[in-house]
Amino acid sequence: MQRFNVHLISVAIICFSCMAISVQTQEKTQPTKLIQIKKNDLYGYANAAGEIVITPQYEMAGDFSEGLARVDIEREDEIKSGFINEAGTIVIEPLFSDAKDFHEGLAAVQLEEKWGFINKSGEVIIQPRFEKDDIHDYRFSEHRLHLACY
């Protein structure tokens, strides 16, 4: 009987530990309240009260996804895509011909003619080898890339 109680207590501890880990890893990101604005043909962001939070300075600006937004910046007569945080700080330099929003920690980016994937630090995780049509409809699930083929 004592052995059964010890086993039961061990199972209970493991279950509660797993539940605690599960709760900690199910971190939900709150949708940002910043909205895109356009002034003098440049894009920036305002808060819900309409106050400019990030001065219009980008050729194009995307929605915030996972705390980062894609922005296009003109440099040396060429427009490149990078990512900013909600404070307006460039966190991933604009090095890409094009980019998509972040999903599950990765974003599709175009280098030269091919598409690959970077993480939130800007590190290339999946080397550019896909055509644009290959990444038109993609998603990540359980750390695997799923591409829709047409």
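Me: Two strands count as paired if DSSP finds at least two bridges between them. What makes strand β9 and β10 a pair in this predicted model?

Reply: The rule asks for at least two bridges. Strand β9 (residues 106-111) is joined to β10 by 6 bridges, and the two run antiparallel. Because at least two bridges are needed and 6 are found, β9 and β10 are paired. Within this pairing, A107 stands opposite I118 in β10.

Me: What lies between β9 and β10?

Reply: There are 2 residues between them, and the two strands form a hairpin. E112, in the turn, has a positive phi of about 60 degrees.

Me: How do you know that β10 also pairs with strand β11?

Reply: β10 and β11 (residues 124-130) are joined by 3 bridges and run antiparallel, so they meet the rule of at least two. V124 in β11 is the bridge partner of I118. This hairpin has 4 residues between its strands, and G122 in the turn has a positive phi of about 85 degrees.

Me: Why is β10 called largely enclosed?

Reply: A residue is buried when its relative accessible area is under 20%. In β10 (residues 114-119), 5 of the 6 residues are buried, so the strand is largely enclosed by the rest of the structure.

Me: What makes F83 and F102 an edge-to-face pair?

Reply: Ring centres must lie within 6.5 Å, and planes over 60 degrees apart count as edge-to-face. For F83 and F102 the centres are 4.8 Å apart and the angle between the planes is 65 degrees.

Me: Which residues make up the largest nonpolar core?

Reply: This core has 11 residues, including L34, Y43, Y45, I54, A69 and I84. The elements giving two or more residues to this core are β2 (42-46), β3 (52-58), β4 (60-65) and β5 (68-75). β5 gives the most, with 3 residues. A second, separate core of 9 residues includes L68, F83, V109 and I118.

Me: What does A69 touch?

Reply: Leaving out residues up to four places away in sequence, A69 touches Y45, G62, D63, F64, G82, F83 and I84.

Me: Why are β1 and β3 said to stand at the edges?

Reply: Three strands form an open sheet in the order β1-β2-β3, with antiparallel pairing. β1 (35-39) and β3 each have a single partner strand, so one side of each has no neighbour in the sheet. Between β2 and β3 there are 3 bridges, and Y45 has I54 as its bridge partner in β3.

Me: What makes β4 and β7 edge strands?

Reply: Their sheet is open, has 4 strands in the order β4-β5-β6-β7, and is antiparallel in its pairing. β4 and β7 (90-96) each have a single partner strand, so one side of each is left without a neighbour in the sheet. The twist from one strand to the next averages 25 degrees. β6 and β7 pair over 3 bridges in the antiparallel sense, and S81 stands opposite F96 in β7.

Technical notes
Residues numbered from 1 in each chain as written. Predicted model: local features only at pLDDT ≥ 70, side-chain atom pairs only at ≥ 80, totals over all residues. Heavy atoms only, no water. Buried < 20%, exposed > 50% of the residue type's maximum accessible area, 1.4 Å probe, protein only. Core = buried A, V, L, I, M, F, W, Y, C linked by side-chain atoms within 4.5 Å. Contact = heavy atoms within 4.5 Å. Phe/Tyr/Trp six-rings, centres within 6.5 Å; stacked < 30°, edge-to-face > 60°. Axes fitted to C-alpha atoms, helices over the stretch in contact; angles between N-to-C directions.
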